[in-house]
Amino acid sequence: MAKSLRSKWKRKMRAEKRKKNAPKELSRLKSILKVDTDVLMKDVQEIATVVVPKPSEEKTQGMAKGETDDMKMETDIKRNKKSLLDQHGQYPIWMNKRQRKRLKAKREKKKGKSRAKAVKAAKGLAW
């Protein structure tokens, strides 16, 4: 069941919240375990892992021009701005079927006109 957009969004936001609160939870867990001296901190580190939050955009903008940001991903997707097709002929994931159908029909119509002109021009040159 749980495949609706709302549930997907909620799951995504819960995951974000977990990432955000992980350091606080770990520090709270450590403070609780300090009271009980029998538990070793190495055992705690095996159980709980700290997820470091990603640096914000403000920090990356403040970097010097010579420095490179390791967090940036190289995306090789080249997309045509007019037709929105990438180099493999795929539409963006957010585009619905109706929009794809309209753009395809528009492209086909344009191809049909250019082919008709080419055929007429060829007949004219044949004389």
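**Notes on the model**

1. Let me start with the pocket. The largest pocket has a volume of about 210 Å³. Please keep in mind throughout that this is a predicted model.

2. Which residues line the largest pocket? The lining is made up of Asn80, Lys82, Ser83, Leu103, Lys106, Arg107 and Lys110. Sorted by class, that lining holds four charged residues, two polar ones and one nonpolar residue.

3. On to the fold. The protein chain has four helices and zero strands, so the order of elements is quickly told by definition of the runs: from the N terminus on, it reads α-α-α-α.

4. How much of the chain is buried? Of the 127 residues of the protein chain, 9% count as buried, where buried means under 20% relative accessible area. The accessible surface of the protein chain comes to about 12700 Å², and carbon and sulfur atoms supply 57% of that surface.

5. A word on contacts. Among contacts in the protein chain with a separation of 6 or more, 15% join residues 24 or more positions apart.

6. Finally, confidence. The average pLDDT of the protein chain is 75, and 56% of the residues score at least 70. Among the elements, helix α1 (residues 5-35) has the highest mean pLDDT, 88, while helix α3 (residues 57-61) has the lowest, 54. Where pLDDT is low, the predicted coordinates should not be read in detail.

How values were computed
Residues numbered from 1 in each chain as written. Predicted model: local features only at pLDDT ≥ 70, side-chain atom pairs only at ≥ 80, totals over all residues. Heavy atoms only, no water. 1 Å grid on protein atoms, 1.4 Å probe; cavity = no way out; pocket = protein on both sides within 12 Å on 5 of 7 lines; lining within 4 Å. Points joined across faces, edges and corners; volume = space filled by probe spheres on them. Nonpolar A, V, L, I, M, F, W, Y, C, P; charged D, E, K, R; others polar. Helix = DSSP H or I, 4+ residues; strand = E, 2+ residues; numbered from the N terminus. Buried < 20%, exposed > 50% of the residue type's maximum accessible area, 1.4 Å probe, protein only. Contact = heavy atoms within 4.5 Å. Areas by Shrake-Rupley, 256 points an atom, 1.4 Å probe, with all protein chains shown as cover. pLDDT = per-residue confidence, 0-100.
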